[in-house]
Amino acid sequence: MTRPDIIIIGSGLGGLEVALMMSKEGKKVLVLERQHQPGGCMQSYRRGNLHLDTGLHYVGGLETGGQLYNAFDSLGLMNLPWERMDENCFEEVHIGGRAYSWSQGTGNFIKAMKSYFPHEEKGLEAYAEILRCTDELWMQNTNAWEYLNSIISDPLLIQVLSAPATCKMELIRETLPLFTFIHGTTPFIQSSWRLKGDGNMLVQRLIEQIRANGGEVLTDKEVVSLKEDNGRITQALCSDGTSYYADCFVSNAHPAVTCSLVSSNTTMKNMFRRRMSMQPNTFGMFTVHLQLREGSLPYFNHNKLVFTEPDCWNMAVGKEHVVKGIMVSARIPKDGVDVTNIDILTPMQWEAVAEFEDSKLFHRPDSYNRMKLEVQRQCITLAETVIPNLSAMVVNTWSSTPLTYRDYNLTPEGSAFGFRKDYTNPMMTIVSPKTQIPNLFMTGQSLMLHGLHGVTMTAMYTCQEIKKCIIPE
Ligand SMILES: Cc1cc2nc3c(=O)[nH]c(=O)nc-3n(C[C@H](O)[C@H](O)[C@H](O)COP(=O)(O)OP(=O)(O)OC[C@H]3O[C@@H](n4cnc5c(N)ncnc54)[C@H](O)[C@@H]3O)c2cc1C
């Protein structure tokens, strides 16, 4: 490949999307990925004859005209085999001793909630209003928990409305902005979809198009330094000694990692570095993948959310390793009938694995593996309350913790969604893709919003800023 116009560091969803969007603008792009496999959180891995996903279980807003439809259409992702989840129940919430079904479509959803909580008609109307307005500035400075409490009186309804968010964002009462809460909820209520196949299909579809446009994606290329000359980045130096030159650089790595690549003696101010490295990160995720005995469980086209107490806020697994809530998600079976593998997810704080932080992948101590088995046991026990005899169906299990994400993706503290958004600090709710170095940009979930929807919106934002710089207005 001849000298690229743009180098992208990291092939997560954000990096690949920016690469594809810029290659469609006629730019020659080169993506450098440190892992052996591209995709970051979107990659899937193989165990036996199973393909297991890491960060893709379902996605919202893919109906025609939906929040993600146009973007995915222009990225060539709409012709992947998306299957719509059950329209009358895409989330089954088990909390406070009973089950609540979430329906798709704002009208249907509110109607179903009114049937469970007829005394909350007014509160639910107010909730429907905020589901319809997602771009208001005031939402960034408003606390989600306080707002829900200001419009709804029944504490159980607040929990039911929050429950599906437990594995989609960090439900921390003290910090979560309404903006993040609503953006992570609305697209899924509009319509929810699963991919028939693994996340790698999506990654490969993006890479095929990047290559068709003359770009390239290289793996096993860890960028260790970005060299600056005359106030601009000129080259990316990789751990294998190779260097790549370009006019413009975009980092899909966590912003703290991006800053660490730029020498301290440069245009990038220390205050900016401190801001990027001191910002707290969201919790991580514990995932257990279960392979089930063939024919043991009929497919269910919804997620099951199960809680031990009627409180899904501030419940991530901590030092004591107690599981308080889970999401159970089934992979669409090839035959469409019986489930062959399901994932159980529970949020996990860094404190739960901090004592093992010096250990490396594939060389963890026995105590770490015992801890994983204990958390896994609790996850399966809780899932068994809604899927009777589940443990008798299990043939194989594999699990991962925030340490796994730290070591694969280099996200600080194995954070699942990057920077923690805090309504008291709106400067960090939306972080500009621009850095103080005019030809170095950032993209990815830490900047604005996470998830497939959020990262795609953020990639569009990054491309707008690059274009303004390449073709100034
Ligand atoms: C367990 C889990 C489940 C999830 N489920 C869903 C879901 O069902 N639906 C949904 O919408 N979202 C889900 N998400 C969120 C979604 O997966 C992420 O928001 C999204 O994939 C993040 O993409 P990204 O590009 O920002 O970052 P990442 O995926 O973290 O990509 C960053 C990339 O940069 C690379 N990199 C870092 N440093 C360097 C370097 N120095 N040199 C070269 N490369 C480097 C990394 O290896 C990585 O590939 C889930 C997340 C998790 C953790």
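Mentor: Start with handedness. A crossing is right-handed if the near helix is turned clockwise from the far one by less than a right angle, and left-handed if anticlockwise. Keep in mind that this is a predicted model.

Trainee: Which way does α5 pass α6?

Mentor: That crossing of α5 with α6 is right-handed.

Trainee: What else describes a packed pair?

Mentor: Two numbers do: the angle between the axes and the distance between the axes. Here helix α5 covers residues 144-151 and helix α6 covers residues 155-162. Their axes lie 10 Å apart, at an angle of about 135 degrees.

Trainee: At what angle do α1 and α9 pack?

Mentor: About 30 degrees, with the axes 9 Å apart. Helix α1 is residues 13-24, and helix α9 is residues 199-212. Angles under 35 degrees count as roughly parallel, and α1 and α9 are therefore roughly parallel to each other. The crossing of α1 and α9 is left-handed.

Trainee: Now the empty spaces. How are they found?

Mentor: A probe the size of a water molecule is rolled over the atoms, and this shows where empty space is left.

Trainee: How many cavities of 30 Å³ or more does the structure hold?

Mentor: Two. The largest cavity has about 160 Å³ of space. It is lined by 15 residues, with Asp53, Leu56, His57, Ala330 and Arg331 closest to its centre. Strands β9 (192-195), β17 (325-330) and β18 (341-348) each give at least two lining residues. By class, the lining of the largest cavity has five nonpolar, five polar and five charged residues.

Trainee: Why does the largest cavity lie between domain 1 and domain 3?

Mentor: Because both domain 1 (6-56 + 199-279 + 423-470) and domain 3 (283-414) give residues to its lining.

Trainee: What is the volume of the second largest cavity?

Mentor: About 80 Å³. Its lining includes Met169, Glu170, Phe417, Phe419 and His450. By class, this lining has four nonpolar, four polar and three charged residues.

Trainee: And pockets? How much space lies in the second largest pocket?

Mentor: About 700 Å³. This pocket has 27 lining residues, and those nearest its centre are Arg47, Leu361, Ser399, Thr404 and Tyr408. Elements that give two or more residues to this lining are β3 (44-47), α12 (366-384), β19 (394-400) and α14 (402-409).

Trainee: Which element gives the largest share of the lining of the second largest pocket?

Mentor: Helix α12 does, with five residues. By class, the lining of this pocket has nine nonpolar, 15 polar and three charged residues.

Trainee: Which domains each give at least three residues to the lining of the second largest pocket?

Mentor: Domain 1 and domain 3.

Key
Residues numbered from 1 in each chain as written. Predicted model: local features only at pLDDT ≥ 70, side-chain atom pairs only at ≥ 80, totals over all residues. Heavy atoms only, no water. 1 Å grid on protein atoms, 1.4 Å probe; cavity = no way out; pocket = protein on both sides within 12 Å on 5 of 7 lines; lining within 4 Å. Points joined across faces, edges and corners; volume = space filled by probe spheres on them. Helix = DSSP H or I, 4+ residues; strand = E, 2+ residues; numbered from the N terminus. Nonpolar A, V, L, I, M, F, W, Y, C, P; charged D, E, K, R; others polar. Domains from an automatic or database assignment. Axes fitted to C-alpha atoms, helices over the stretch in contact; angles between N-to-C directions. Parallel < 35°, antiparallel > 145°, perpendicular 65-115°, else oblique.
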